[in-house]
Amino acid sequence: MNARTEPAGAQAEPENPARPPLIREFLLVAGLFLVYKLGRRLATGHTAEAFRNARRVWDWERTVHLPHENAVQTALLHGHTLVHLANTYYATVHFPATLAFLIWLYLRRPAHYVWARRVLALVTSAALVLPFTFPLAPPRMLTGTGLVDTARLYGPSVYGPPSSDHLSNQFAAMPSLHFGWALMVAVGLITATRSRWRWLWLLHPLLTLLVIVGTANHYWIDAIVATAMLGLALAVIHPPQRTATTAGRGTPRLGTPEPVLAGAGR
């Protein structure tokens with residue numbers, strides 16, 4: 001594709017696209033996290049409905065023959081070390097991994113950074129609606145399932161008793177942004193890089209899925225809904241385009257220019 005055949009509206013940017021202003025981006029990303037946390041807190045006070053919805057979700061998953069969450073948890077409970085690692089992953093990887101992903105894109109792929117930030121903002125904003133419309137207790141709180149609260153029993157735990165935990169809304173299990181953000185990290189890095197090993201980034205959302213289900217913090221459906229929301233966001237917000245002269249090549253060799261990106265820094 002050259003200048004004559006490039007779609008209308010697509011413009012080739014310099015080889016080193018300008019990064020958005022750092023302070024502005026810091027405030028935008030920090031504001032996104034803060035709005036999400038505060039928004040979930042505003043959706044409290046629906047305890048009875050959250051447990052009714054939890055029972056409906058559990059029964060629906062059995063009706064459509066989704067795998068039992070118990071199978072994953074049983075595998076984790078074979079050893080205290082494994083379940084402790086799963087709890088630690090749940091408690092410590094979610095925010096740092098997403099933040100590291102955004103920082104790397106900002107420094108190395110500015111155009112992809114803008115795209116990823118917009119996608120994450122859209123998914124996170126949409127996720128704020130569900131705690132108001134469909135409050136959901138996590139499976140660790142649901143009786144009669146055989147599941148246990150692994151974080152409370154084996155540690156570490158990021159949650160206190162729901163009645164005294166004023167920092168989080170534990171009845172907002174759907175969607176799982178742990179999984180949604182992890183999947184976006186993988187999609188973003190696969191899209192922004194050209195290494196033959198880049199598909200291994202899918203291990204991050206896969207491991208996250210096993211952790212959130214095995215620790216009984218989420219149902220399978222929470223990850224399915226997060227995936228659907230991310231898919232819609234990706235359909236609306238497209239990644240930067242690469243020009244025909246550079247698209248499809250492997251990882252650039254030392255001394256050769258990076259692929260030219262369209263839409264950088266917007």
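Among contacts (heavy atoms within 4.5 Å) between residues at least 6 apart in sequence, 81% join residues at least 24 apart. This is a predicted model: local features need pLDDT of at least 70, side-chain atom pairs count only at pLDDT 80 or more, and totals for chains, interfaces and linings use all residues. Residues are numbered from 1 along each chain as its sequence is written, and side-chain values use heavy atoms, with hydrogens and water left out.

The chain has 11 helices and 2 strands. These are DSSP runs, numbered from the N terminus: helices are H or I with at least four residues, strands E with at least two. Along the sequence the pattern reads α-α-α-α-α-α-α-α-α-α-α-β-β.

Of the 266 residues, 46% are buried, meaning under 20% relative accessible area with a 1.4 Å probe, protein chains only.

Now the helix pair. Helices α4 and α10 pack at about 115°, with axes 9 Å apart. Axes are lines fitted to C-alpha atoms over the stretch in contact, and angles run from 0 to 180 degrees between N-to-C directions. The angle therefore makes α4 roughly perpendicular to α10 (65 to 115 degrees).

| Helix | Span | Residues in the contact |
|---|---|---|
| α4 | residues 80-92 | A86, Y89, Y90 |
| α10 | residues 203-214 | H204, L207, T208, V211, I212 |

These contact residues divide into 6 nonpolar, 2 polar and no charged.

Conventions. Angles under 35 degrees count as roughly parallel, over 145 as roughly antiparallel, 65 to 115 as roughly perpendicular and the rest as oblique. Ala, Val, Leu, Ile, Met, Phe, Trp, Tyr, Cys and Pro count as nonpolar, Asp, Glu, Lys and Arg as charged, and the others, Gly among them, as polar. Buried means under 20% relative accessible area, exposed over 50%, partly exposed in between (1.4 Å probe, protein chains only).
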